[in-house]
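Hi there,

Here is the structure I promised to pass on. Have a look at it first, and then read my notes below.

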Amino acid sequence: MASTNSTHSKRLERKPRVFVTRHLMPSVEDRMVDLFDVVLNADDNPLTRDDLTAAMRDCDVLVPTVTDRIDTDMIAAAGKDLGLIANFGAGTEHIDLEAAAERHILVTNTPGVFTDDTADLAMAGIIGVPRRIREGVELIRSGEWSGWTPTALLGAKLAGKVLGIVGMGRIGQAVAHRARAFGLEIAYHNRKRLPEAVERMFSARWVDSLDGLMSEADILTLHCPAGPDTHHMIDAPRIGLMKDGASLINTARGDLVDQEALIAALEAGKLAGAGLDVYPDEPHVDARLIRHPNVMTLPHIGSATLEGREESGMKVIANIRMWADGHRPPDQVLTGLA
């Protein structure tokens, strides 16, 4: 896609004024203090919309995260010096990219950093839900386990089952790579089919419709971005296409799934369980999901590794330094504006 935001053509002759919305890794913050005129969020409380708007009036660079919604009106109210939104994280659906482009504000992200971390967590659900791990943990913690029996907590074998991957980008491919070792058959749906050589690499086969993949998968895992085209893509009719006893794993974005439809399918026994790391109204998690014995409810920790969070922060710093030096940042997010 082409972008109206080419490069920041003028080098800053002073330290850029940088506003960071959340507490980052200490090594990242220390480096920022050395390089920039920076305002940090030491107590890590999420900022209100008014706080964010005020910050955007008085900085050169805003460093938001996925919890910060940057809308059209906020961008319109930004100060004349705001030239870069250096997002911490790969997803940018919380930022109005077109509004930023119209104001000639560059947007950068940190792609590729959390690929392995998120894929690892997805595999925890892919393994844990069919094997009823949460139920086993609860049984031990409650003190109700009476010992081994041949018919207790019978789950589903992974080998030979169909893993349906929705979104075969970096993370989807990393999941496929891992899942092969467990003997899972890999099927995927993407907007575009992957090259044949890539399919061979992962022993993956393309299913040309999402509905077709839904009906084939024993385990369905989601790895696509949030947006108008994917909002509630997993809805009641599509869940109805799934096999009885299938599992749903979502480590991508909460809005991809119609949560009411998911809960209804779980409570009716249509689905055996779910592994969820994201929710439509975070940090709220519906009590019905928490109560369900075979729903792994995790607190959005797909990217939560020491290594990943530090690398993401250092990418943010690299993007800011390149922009301040008058060069195009390496991780500029392009828009479709002409």
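Lys315 is partly exposed, with a relative accessible area of 23% (buried means under 20%, exposed over 50%, partly exposed in between, with a 1.4 Å probe and protein chains only). Its salt-bridge partner is Asp331, with the closest N and O atoms 3.5 Å apart; a salt bridge here is a side-chain nitrogen of Lys or Arg within 4 Å of a carboxyl oxygen of Asp or Glu. Lys315 sits in helix 13 (306–324) and Asp331 in the segment after that helix, so the pair ties together parts that are 16 residues apart in sequence. Helices (H or I, at least four residues) and strands (E, at least two) are DSSP runs, numbered from the N terminus. Asp331 is buried, at 12%.

Please keep in mind that this is a predicted model: local features need pLDDT of at least 70, side-chain atom pairs count only at pLDDT 80 or more, and totals for chains, interfaces and linings use all residues. Residues are numbered from 1 along each chain as its sequence is written, and side-chain values use heavy atoms, leaving out hydrogens and water.

The whole structure has 22 salt bridges. In one of them, the side chains of Arg14 and Asp60 meet at 2.6 Å, N to O. Arg14 lies in the segment before strand 1 (17–20) and Asp60 in the loop between helix 2 (49–56) and strand 3 (61–63), so this pair links parts that are 46 residues apart in sequence. Arg14 is partly exposed at 41% relative accessibility, while Asp60 is buried at 1%.

Happy exploring!
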